Amino acid sequence: MAETVNTGHWPDPNDPASHRAYADRQANNRHGFLKTGTAPEVIPTVLRLEFGEWETPQGMEGDDDLSILHSIHHKARQGFDEMLETIDQIAKDDDPSLNHDGRLKIAAKIIEPKMTSIAKLAERELGKVDAKVEGLEAEIGKALRTADPVDVAVHADIRAHLRTLDMGHRTAALREAIERGDITTLQAVATAPPYLSGFELKGGQDGATRLFNDAVEAARQRLAPDHHKRVQALRQGKARTLQALSTFHKKATGLIDFNRARALQEHEAARRAKYED
């Protein structure tokens with residue numbers, strides 16, 4: 001029976017031909033310790049899209065929470081650059097005793113703790129940002145609900161009037177209120193369940209739902225402009241930070257087989273303990 005060669009990166013324990021191919025790669029390719037088996041390809045423009053570019057909204061340069069998110073985003077991007085430098089240094093090491101497994105263990109030992117450190121920092125700080133957003137949302141809700149008794153009665157009348165209109169006239173009236181900045185109508189709609197104004201939300205996909213959400217957004221901007229701006233900035237900053245963290249993790253695990261590196265370390269420790277005993 002003819003021998004079959006395993007085309008996977010790591011050798012098949014039951015396939016001698018696979019081991020020979022693996023040995024050849026060890027001898028001829030110093031990047032063979034990577035999952036890809038080759039040096040990482042880096043395209044700057046693609047990386048900028050994958051990690052996302054940080055943008056601080058105008059006037060919010062001194063916001064401490066945004067600064068922390070920006071720092072984490074930067075650490076993720078910097079961590080990737082440092083990982084590439086580490087990989088390059090390991091690949092260039094001409095120590096004849098280093099095979100692919102040896103290089104892999106070194107790479108994982110250097111890179112994984114940095115990834116863990118950034119992940120722990122992000123978990124702690126993103127939790128703080130979530131708490132800050134929750135507090136700001138409460139303040140926005142309070143601002144939306146603040147009205148004197150006469151306005152409260154007027155709001156109820158506005159909602160009742162909207163319910164009497166057919167959907168075409170109802171959406172036209174709400175669109176006009178948004179365009180004119182009619183805060184009385186906007187506040188009336190934003191401070192009660194949608195059905196009281198004649199709207200049935202459908203997950204944000206239909207035009208009426210989007211229009212209702214635009215009205216609520218407009219009311220928030222008019223009645224709590226500073227809090228609203230900060231909430232928007234923090235949510236955007238969090239999303240950009242998570243994008244960078246996810247990209248770093250995906251690229252690192254796509255290059256370094258951390259599970260195999262741990263298995264090699266455990267095997268080495270067990271073998272050492274055997275002989276020490």
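A cavity is a set of points, on a 1 Å grid over the protein atoms alone, where a 1.4 Å probe fits but cannot get out, and lining residues have an atom within 4 Å of a point. Grid points are joined across faces, edges and corners, and a volume is the space filled by probe spheres set on the points. The model is predicted: local features need pLDDT of at least 70, side-chain atom pairs count only at pLDDT 80 or more, and totals for chains, interfaces and linings use all residues. Residues are numbered from 1 along each chain as its sequence is written, and side-chain values use heavy atoms, with hydrogens and water left out.

**View 1. The largest cavity holds about 80 Å³ of space.**
The count comes to 2 cavities of 30 Å³ or more. E53, W54, E55, P57, L66, A233, Q236, G237 and R240 line the largest cavity. Helix 9 contributes the most to this lining, with 4 residues; helices (H or I, at least four residues) are DSSP runs, numbered from the N terminus. The lining has 4 nonpolar, 2 polar and 3 charged residues, where Ala, Val, Leu, Ile, Met, Phe, Trp, Tyr, Cys and Pro count as nonpolar, Asp, Glu, Lys and Arg as charged, and the others, Gly among them, as polar.

**View 2. The second largest cavity holds about 30 Å³ of space.**
Its lining consists of G79, E82, M83, T86, I110, I111, K114 and F248. Helix 3 and helix 4 are the elements that give two or more residues to this lining, and the largest share, 4 residues, comes from helix 3. By class, the lining residues divide into 4 nonpolar, 2 polar and 2 charged.

**View 3. The largest pocket has about 220 Å³ of space.**
A pocket is an open set of points with protein on both sides within 12 Å along at least five of seven lines. Of the 14 residues that line the largest pocket, P40, E41, E50, F80 and K251 lie nearest its centre. Two or more lining residues come from each of helix 2 (44-51), helix 3 (64-92) and helix 9 (225-255). Helix 9 supplies the largest share, 4 residues. The lining has 8 nonpolar, 2 polar and 4 charged residues.

**View 4. The second largest pocket has a volume of about 190 Å³.**
E112, M115, T116, I118, A119, L245, F248, H249, T253 and F258 form its lining. Helix 4 and helix 9 are the elements that give two or more residues to it, with the largest share, 5 residues, from helix 4. In this lining 6 residues are nonpolar, 3 polar and 1 charged.

**View 5. R262 and E112 meet in a salt bridge.**
A salt bridge is a side-chain nitrogen of Lys or Arg within 4 Å of a carboxyl oxygen of Asp or Glu. For this pair the N to O distance is 2.4 Å. R262 is in helix 10 (residues 258-276) and E112 in helix 4, 150 residues apart, and the pair links distant parts of the chain. The whole structure has 18 salt bridges.

**View 6. Helix 4 spans residues 100-145.**
Its 46 residues reach 65 Å from first C-alpha to last, close to the 68 Å expected at 1.5 Å a residue; the expected span is 1.5 Å times one less than the number of residues. Helix 4 bends by about 25° at A108, the bend being the angle between axes fitted to the seven residues ending there and the seven starting there. At the start of helix 4, a side-chain oxygen of N99 comes to within 3.1 Å of the backbone nitrogen of D101.

Conventions: Polar contact = N/O pair within 3.5 Å; in protein donor to acceptor, adjacent residues only side chain to side chain.
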